[in-house]
Structure formats: structure tokens, C-alpha cells
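Colleague: I am new to this structure and would like to learn how to read a few of its features. Could we go through them slowly, beginning with a single residue?

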Amino acid sequence: MAAADDLGLTYQVTRHGPVRSLAEAAEARGVAPAAVVKTIVVRLGEDDYRFVLVPGDREISWPKLRSVLGVSRMSMPDKDVAFAVTGYVRGTITPLGSTTAWPVVADASMAGAVSLGAGAPGVAVTVDATELVQALNAEVADVTDVRE
């Protein structure tokens with residue numbers, strides 16, 4: 001929350017118990033599944049990472065993301081590396097308050113009120129997508145496909 005405050009974001013905090021699915025997360029947060037935004041960390045190279053914001057009803061399109069980032073290869077770090085480069089354990093990763101402010105790519109389909117993890121299990125913040133993108137100086141691009 002301190003990071004959201006520092007960025008000047010207007011947000012609502014939701015605290016909920018464990019969830020086992022996108023539908024459960026959406027219900028617990030009081031938003032549609034598409035409004036639950038996952039933060040995925042990807043590795044482009046040595047000490048070069050990006051946060052990718054992915055709406056819940058979508059999944060990363062690796063070819064689209066590689067094209068946007070201008071790389072031919074990338075990977076997802078294992079849980080230990082993800083923790084080392086963000087300060088968060090998987091399932092709680094967020095660009096808000098990360099130990100390193102890696103660049104952010106936000107999928108172009110994000111709109112309206114979105115809910116993303118707030119760095120701890122069962123804690124989320126709901127914020128306007130446009131405000132979030134601006135505060136994070138995120139690159140907005142079509143980097144996902146509809147989840148089948």
C-alpha cells in the first residue's frame with residue numbers, strides 16, 4: 001500500500017482468504033474475472049526483467065510479447081530467482097513496491113477497475129487501469145490472447 005500511496009494511486013484494498021481459481025479470486029475481490037490482473041515476471045537476459053500485467057481471462061502470447069520487447073528469447077524465472085528480483089513470492093508478485101522497479105508491459109485489453117495482488121497472500125488492490133498504467137509508466141501493448 002505504501003508503494004501505491006507513493007505513486008499517488010487511488011485504490012481500494014481487499015483482504016481475503018486463500019483462493020484456488022480465477023473465479024474464486026474474482027468473487028473474493030468483487031470484480032469480474034477479466035478484472036483480476038496477474039503480474040508475470042519474465043527474464044530477457046542477465047539482470048534484465050519485465051513485469052507483464054495480464055488480465056485474468058487472457059494469457060501471455062509469447063510471440064506477441066517477444067515482438068513488443070524486441071527479443072527472440074525470454075524465460076520465466078524459477079521461484080527463487082523471482083523472489084530475488086522482486087522481493088515477492090510467486091502468487092504475490094506485483095510491480096507495486098518491488099525491490100527493483102523493472103519496466104512494466106500492460107496488456108492493451110486492461111480497462112476500468114482492475115484488481116492486482118498487493119504483495120502478500122490474500123491481499124489485493126483495486127485501481128483504475130489507466131491510472132495504474134500511467135503511474136507505472138507502463139508500455140501498453142497487445143501481448144495476450146483470450147484464454148481458451
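Modeller: Let us begin with Asp142, which, in this predicted model, is partly exposed, its relative accessible area being 44%.

Colleague: Which residue does the side chain of Asp142 meet in a salt bridge?

Modeller: The general idea is to look for a side-chain nitrogen of Lys or Arg within 4 Å of a carboxyl oxygen of Asp or Glu. Here the partner of Asp142 is Lys64, with 3.2 Å from N to O. Because Lys64 belongs to helix α3 (residues 62–69) while Asp142 sits in the loop between β8 (139–141) and β9 (144–146), this pair ties together parts that are 78 residues apart in sequence.

Colleague: Is Lys64 buried, partly exposed or exposed?

Modeller: The general idea is that a residue counts as buried under 20% relative accessible area and as exposed over 50%. Lys64 has 27% relative accessibility, and so it counts as partly exposed.

Colleague: Which residues are linked with Lys64 in a network of salt bridges?

Modeller: The network links Lys64 with Asp142 and Asp145. The salt bridge between the side chains of Lys64 and Asp145 spans 2.8 Å from N to O, and since Lys64 lies in helix α3 and Asp145 in strand β9, it ties together parts that are 81 residues apart in sequence. Asp145 is itself partly exposed, with a relative accessible area of 31%.

Colleague: How many salt bridges does the structure hold?

Modeller: There are seven in the structure. One of them joins Arg43 to Glu46, whose closest N and O atoms are 3.7 Å apart. When reading such a pair, look at each partner in turn: Arg43 is partly exposed at a relative accessible area of 28%, whereas Glu46 is exposed at 70%.

Colleague: How should I read a residue such as Val52, and is it buried or exposed?

Modeller: Start with its place, which is in strand β3 (residues 48–55), and then consider its accessibility. Val52 has a relative accessible area of 0%, so it is buried.

Colleague: Which residues is Val52 in contact with, leaving aside its neighbours within four places in sequence?

Modeller: The general idea is to search for heavy atoms within 4.5 Å. With those sequence neighbours left aside, Val52 is in contact with Lys38, Thr39, Ile40, Val42, Ile60, Leu65, Val105 and Val143. As for Thr39, which is 13 residues from Val52 along the chain, the C-alpha atoms of the two are separated by 5.6 Å.

Technical notes
Residues are numbered from 1 along each chain as its sequence is written. This is a predicted model: local features need pLDDT of at least 70, side-chain atom pairs count only at pLDDT 80 or more; totals for chains, interfaces and linings use all residues. Side-chain values use heavy atoms; hydrogens and water are left out. Helices (H or I, at least four residues) and strands (E, at least two) are DSSP runs, numbered from the N terminus. Buried means under 20% relative accessible area, exposed over 50%, partly exposed in between (1.4 Å probe, protein chains only).
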